Amino acid sequence: MNEKSIWSTTDALLIVLNCDNDEQLKGYKKALDKALNDSNVQKLTIVVLLPKDVDKNAMTPHFVIYYVSPTDFNFFGKLKDIQLLDEFKLDYDTLIWFGDDTHRIFSQIKKIPFTNRIGVNAARSYFEMHVTADSDEPALAVQFVHQVLSKSYSE
């Protein structure tokens, strides 16, 4: 019998974060860096959902992070970021969605086939696993999710 976990079997990971500011994102990044050091993830894409009043150009740039605001959608609700749409065509094992899942990008994300769909403090039935983190503090939420996804299961 092989002991595995969702965390240990994830090679390609898509993370969606709801962030209100750069400080909150820095907390997520620091916690994710620590968690990802203990992973097999080879492909990582992070989508940061920003409120309309936050200037995404003022956010700290990073090569795996895509910033999305309500202005990134056309009148018909189609995402205008061609590079991010190309990322969505790639294969991912696991989706981890942190927070509010009512964003317009959800319809784009649903088109991607995932082996594991985890919603953290998210409500939709689309997610196979719902994790409720007691804290909205990024470091604690990421640490809790990492612990849950690292639990072994038998094959």
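**Cavity and pockets**

Reply: Helix 4 gives the most to the lining of the largest cavity, with three residues. This is a predicted model, in which local features need pLDDT of at least 70 and side-chain atom pairs count only at pLDDT 80 or more, while totals for chains, interfaces and linings use all residues. Residues are numbered from 1 along each chain as its sequence is written, and side-chain values use heavy atoms, without hydrogens and water.

Me: What is a cavity, what is a pocket, and what are lining residues?

Reply: On a 1 Å grid over the protein atoms alone, a cavity is a set of points where a 1.4 Å probe fits but cannot get out; a pocket is an open set with protein on both sides within 12 Å along at least five of seven lines; lining residues have an atom within 4 Å of a point. Here there is one cavity of 30 Å³ or more, and the largest cavity has a volume of about 50 Å³.

Me: Which residues line the largest cavity?

Reply: The lining consists of Trp7, Ile15, Leu32, Ala35, Ile96, Phe98, Val142, Val145 and His146. By class, eight are nonpolar, one is polar and none is charged.

Me: How much space lies in the largest pocket, and which element gives the largest share of its lining?

Reply: The largest pocket holds about 200 Å³ of space. Helix 1 provides the largest share of its lining, five residues. The residues lining this pocket include Lys30, Lys34 and Gln143, and by class the lining has four nonpolar, three polar and two charged residues.

Definitions and conventions
Grid points are joined across faces, edges and corners, and a volume is the space filled by probe spheres set on the points. Helices (H or I, at least four residues) and strands (E, at least two) are DSSP runs, numbered from the N terminus. Ala, Val, Leu, Ile, Met, Phe, Trp, Tyr, Cys and Pro count as nonpolar, Asp, Glu, Lys and Arg as charged, and the others, Gly among them, as polar.
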